[in-house]
Amino acid sequence: MLTDSVSFFIPAAFAFLLLALTLALIHLARSRNINDRIVAMDLISTITMGFIMVYGVLVKRSLYFDVAIVISLIAFIGTVAVSTYLKQRQS
Amino acid sequence: MILDEILIFSGAAFILISAIGVLRFGDPLSRMHATTKASSFGILLIIIGVCLSFDHWLVYVKALLIIVFIYLTAPLAAHAIARSIHPEEGKDQEKEA
């Protein structure tokens, strides 16, 4: 059984992260400004990292930690690249 | 262990609060204030909870690595976003300093 020794807290953490992801996607779809979209994209990368790590706890594999490391690297480079492009375009 | 699950739960709650802040705040700089600090602290709590739950030395080393990396790069990403919102503001103070 997969959810053998999992108490109340892990599914509640999944629910919170899923709700946060939904709110960030709603903001990403509704916002007119591109700066708001970069902020929402940064938040979505953080939520994805948390989601993958909590999933690794659920299936009891520490392999998913490396996925979170790679996501944090790519999210940082993506955020800096998009905002530098916007700054160059404005000036 | 109940401590690691409580840490993971509170980290997810902090990230949810940061997402609510993104939806509720008015302008992009306030939204950046909500996402940068609250979600960094939430992911810190989640990482500590996950590495306590695995309890293996390699996971502790990777957790230390990723915490240091996140706390080095989150201010840099926030600075880049803020600079893309207001490209000229604050340049004079930087030149004087």
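**Ground rules**

I number residues from 1 along each chain as its sequence is written, and I letter chains from A and number ligands from 1 in the order in which they are written. Since the model is predicted, I ask for pLDDT of at least 70 for local features and 80 or more for side-chain atom pairs, while totals for chains, interfaces and linings use all residues; side-chain values use heavy atoms, with hydrogens and water left out.

**Entry 1: chain A**

I looked up the secondary structure and found three helices and zero strands in chain A, in the order α-α-α. For the record, helices (H or I, at least four residues) and strands (E, at least two) are DSSP runs, numbered from the N terminus.

I then checked the radius of gyration (taken over C-alpha atoms; the globule rule is 2.2 Å times the number of residues to the power 0.38).

Of the 91 residues in chain A, 43% are buried. Here buried means under 20% relative accessible area, exposed over 50%, and partly exposed in between (1.4 Å probe, protein chains only). I also looked at contacts (heavy atoms within 4.5 Å): among those in chain A between residues at least 6 apart in sequence, 53% join residues at least 24 apart.

I stopped at A:Ser31, in the loop between H1 and H2 of chain A. With a relative accessibility of 7%, A:Ser31 counts as buried. Leaving aside residues up to four places away in sequence, A:Ser31 touches A:Asp36 and A:Arg37.

**Entry 2: chain B**

Chain B gave me four helices and zero strands, running α-α-α-α from the N terminus. The radius of gyration of chain B is 17 Å, well over the 13 Å that the globule rule gives for 97 residues, so chain B is more spread out than a compact globule. Its C-alpha trace spans about 50 × 30 × 15 Å along the principal axes.

Buried residues are 47% of the 97 in chain B. Among contacts in chain B between residues at least 6 apart in sequence, 61% join residues at least 24 apart.

I picked out B:Leu3, which lies in helix H1 (residues 3-24) of chain B. B:Leu3 counts as partly exposed, at 47% relative accessibility. Its C-alpha atom is 8.4 Å from that of B:Leu52, 49 residues apart along the chain.

**Entry 3: where the chains meet**

I counted 44 residues from chain A and 40 residues from chain B in the contact. The buried area (accessible area, 1.4 Å probe, that two parts lose on being put together, summed over both) is about 3800 Å², and carbon and sulfur atoms give 82% of it. On the chain A side, A:Phe9, A:Val39 and A:Phe65 lose the most area to chain B, together 17% of what that side buries.

I found two salt bridges between the chains, taking a side-chain nitrogen of Lys or Arg within 4 Å of a carboxyl oxygen of Asp or Glu. One salt bridge joins the side chains of B:Lys62 and A:Asp66 at 2.9 Å, N to O.

Helices H1 (9-30), H2 (34-59) and H3 (64-90) of chain A each supply at least two residues of the side that touches chain B. H2(A) gives the largest share of that side, 14 residues.
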